[in-house]
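Trainee: I'd like to learn how to read a fold from its model. Could you walk me through one?

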Amino acid sequence: MLQRITEVFRKEFNAAPFVFRSPGRVNIIGEHTDYNEGYVLPAAIDKYIYIAIAPRTDKELHLFSQDFQDSCIKNLDDTLQPVAEGWPNYILGVVDQLKQKGFRLSGFNLVIDGDVPIGAGLSSSAAVECATAFALNNLFELGLDKLELVKLAQLAEHNFAGVRCGIMDQFASMFGKKGHAIKLDCRSLDYEYVPLDLKGYKILLLNSNVKHSLASTEYNTRREQCEQGVAWVKAHHPQVKSLRDITLEMLDQYVLPQDELIYRRCKYVVEESLRLLQGCEDLKKGDLAALGKKMFRTHFGLSKEYEVSCPELDLLVSAVETHPNVLGARMMGGGFGGCTINLVKEDAITELVDGIKHAYQDQTGLELTYYVADIENGTGPA
């Protein structure tokens, strides 16, 4: 990939680039807890977005996507706006944030490439934003630290992609550490590396190859539902700031009488935060089986309580639920498509996939693809 993107850059711009990469991520457990100021447990994986970049002497931005075989040209002196093509927005959003913060940039040439599957729930968008932020920080010697780059990348997603994401995806992409998950407190941004010793098991990602159009609109709706639940509790407990501060007893008392649907949404998040803390203890003790059971329970919550799953994801989880070589599985990411994450005995992966792919295709009309993910370091030079 490094050789390919360098060659593409030379062909497009007749120059040698600097190359940076940023990984996609998995989240072991703790889904939809990040924007509720809870905990998450992500890890960076060995699938990357690559950015090849070199400065220009004018104010123009020349962007080229190898995946889409598409170009985009903008001028720094103009007001940057989201574009219909979609893919440039994750780059332009980062540039716009730097402009807003008063950094003086020159133009640049940029080629983007990578092997993070798009729409699979592995946060390819965050990887683009982090790779871009890291590259521009290096190219123009802006002096920003990694956390500042993470926050900047998150705002780029809010303002140019229109998704009010929490900070987990960008944080995991930037701060990933080989062989470890990151227990991240999404309120304080304190974090701890938790050893992820899989002991003969692998992380298997089964890609449903479906992405329902509900994903971004329903994501924002879930945030609003959680915020409504918090508001009802806060009226009685002014110190409450988010679902992080709320107990199940508070939900029973103040939210359930108001709205049963919002109660279910909030209940899932509160319980998921507790599951995550227990899951970290499981990992520290090396008890993968206990963690796996929590993953199955998380999927039930995401499917039936938070309602961000879809029939294809439910089918993939139910297909492995009683398999002797699978410790745990759940849908991963924002929902309504993408991948399931599975803890599978390494030597059973081929047999497992072969055993379910035909049934999946028969029932959905979709091909089942898969990835085996290793846990790697975060954003940096390629």
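Predicted model: local features only at pLDDT ≥ 70, side-chain atom pairs only at ≥ 80, totals over all residues.

Trainee: How many helices and strands are in the protein?

Mentor: DSSP gives 11 helices and 13 strands.

Trainee: And what is the radius of gyration of the protein?

Mentor: The radius is taken over C-alpha atoms, and the globule rule is 2.2 Å times the number of residues to the power 0.38. For 382 residues a compact globule would come out near 21 Å, and the protein has 21 Å, so the two agree. Its C-alpha trace spans about 60 × 55 × 40 Å along the principal axes.

Trainee: How much of the protein is buried?

Mentor: Buried means under 20% relative accessible area, exposed over 50%, and partly exposed in between (1.4 Å probe, protein chains only). Here buried residues make up 59% of the 382. As for contacts (heavy atoms within 4.5 Å), take those between residues at least 6 apart in sequence: 72% join residues at least 24 apart.

Trainee: On to the sheet. In what order do the 6 strands of the open sheet run?

Mentor: The general idea is that strands of a sheet pair through backbone hydrogen bonds, either parallel or antiparallel. Two strands count as paired if DSSP finds at least two bridges between them. The order here is β5-β4-β6-β3-β1-β13, with mixed pairing. β5 (70-75) and β13 (380-381) are the edge strands, each pairing on one side only. Look at β4 (residues 60-65) and β6 (residues 108-114): they pair in the parallel sense over 5 bridges, and F64 has V111 in β6 as its bridge partner.

Trainee: Which strands does helix α1 touch?

Mentor: Helix α1 (residues 2-13) packs on the sheet against β1 (18-27), β3 (42-55), β4 and β6, and its direction makes about 145 degrees with that of β6. Helix α2 (residues 89-100) also packs on the sheet, touching β4, β5 and β6, at about 155 degrees to β4. For such angles, axes are lines fitted to C-alpha atoms, for helices over the stretch in contact, and the values run from 0 to 180 degrees between N-to-C directions.

Trainee: How far does α11 reach from its first C-alpha to its last?

Mentor: The expected span of a helix is 1.5 Å times one less than its number of residues. Helix α11 (residues 349-364) has 16 residues and reaches 21 Å, close to the expected 22 Å. A bend is the angle between axes fitted to the seven residues ending at a residue and the seven starting there; α11 bends by about 25 degrees at I356. I356 is also among the buried residues of α11, along with I349, L352, V353 and Y360.

Trainee: What about phi?

Mentor: Most residues other than glycine have a negative phi. N14, in the loop between α1 and β1, has a positive phi of about 55 degrees. At 72% relative accessibility, N14 counts as exposed. Q69 sits in the loop between β4 and β5, with phi near 50 degrees.

Definitions and conventions
Residues numbered from 1 in each chain as written. Heavy atoms only, no water. Helix = DSSP H or I, 4+ residues; strand = E, 2+ residues; numbered from the N terminus.
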